[in-house]
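Open the model in your viewer and keep the selection tool ready. The tour has two stops.

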Amino acid sequence: MKKIIPEETGKKPYQSPAQDLYERFEFRNIRPEEAEQAAEIERICFPPNEACSRERIFERVAAAPELFLVAADKQTGRLAGFLNGLSTEETSFRDEFFTDITLYHPEGKTIMLLGLDVLPEYRRQGLGRELMNHYLCRERQNGRRCILLTCLQPKVEMYKKMGFCDNGIANSSWGGEEWHEMSHMIQ
C-alpha cells in the first residue's frame, strides 16, 4: 500500500491546535509599554469587584514582568491575553497577593497566579489552555514547585482539565466572592 504524502493530496499536513496558536501568537514576557493593554484586558475580562486595578497591573508589570506571559497577536501586534502571578515562599493563597507587591519574592518556589485573561474574540480557541501550558513549562524550568490560583465554582472543572487539584474553599474572599483554591505541583 502506497503511503500518501500530504503534498500529493494538496492538503496541508495535520497541525495540532497548539501549533496553530504558535503560528498566530507570540508567547513571551510582557513589555513595559504593554501595561496599559494588560489593564484594559483585565477590565474587560473581570467584573469590577474582581478586576485588578490599573495601578496594580502597572505595579506588577514594573516589579515582575518575568511572571507575566502574554500572547501577542502576530498580525496586529496587540495582546490577545495573558497570565500573571507573583512568586513567594508562602503556600496558601490570600487576598493581599492581589494588592501588596511587597509579597513578591523573585526566588520564591510558589507562584500565586493572579489572573488568566483572554479577550472575548480570542476565547474558545485553546489560547487560555496554551497560555497555562506554556506558563507551567516555563516555571518548571525556573525551578518553581507549585502554582496556586483561585477561581469561582464554574471554572473548577476547566482548571482540573489543565492539571490543577481543587483544594476546597480558599482563604481568599476577593471581591466578596467564595473562591476555590486550586494547586498544580510542577516538579
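Which residues line the largest cavity? Select R56, E59, R60, L86, F97, F98, T99, D100 and I101, which form that lining. A cavity is a set of points on a 1 Å grid over the protein atoms alone where a 1.4 Å probe fits but cannot get out, and lining residues have an atom within 4 Å of a point.

This is a predicted model: local features need pLDDT of at least 70, side-chain atom pairs count only at pLDDT 80 or more, and totals for chains, interfaces and linings use all residues. Residues are numbered from 1 along each chain as its sequence is written, and side-chain values use heavy atoms, with hydrogens and water left out.

A search of the whole structure finds one cavity of 30 Å³ or more. The space in the largest cavity is about 30 Å³, where a volume is the space filled by probe spheres set on the grid points, joined across faces, edges and corners.

Next, colour α4 (54-63) and α5 (96-99), each of which supplies at least two lining residues. Helices are DSSP runs of H or I with at least four residues, strands are runs of E with at least two, and both are numbered from the N terminus.

Now move to helix α3 (residues 35-45) and select Q37. Q37 counts as buried because its relative accessibility is 14%; buried means under 20% relative accessible area with a 1.4 Å probe, protein chains only. Beyond its neighbours within four places in sequence, Q37 is in contact (heavy atoms within 4.5 Å) with R78 and L79.

Finally, show α4, β3 (79-88) and β4 (110-118), which are among what covers the buried residues of α3.

How values were computed. On a 1 Å grid over the protein atoms alone, a cavity is a set of points where a 1.4 Å probe fits but cannot get out, and a pocket is an open set with protein on both sides within 12 Å along at least five of seven lines; lining residues have an atom within 4 Å of a point. Buried means under 20% relative accessible area, exposed over 50%, partly exposed in between (1.4 Å probe, protein chains only).
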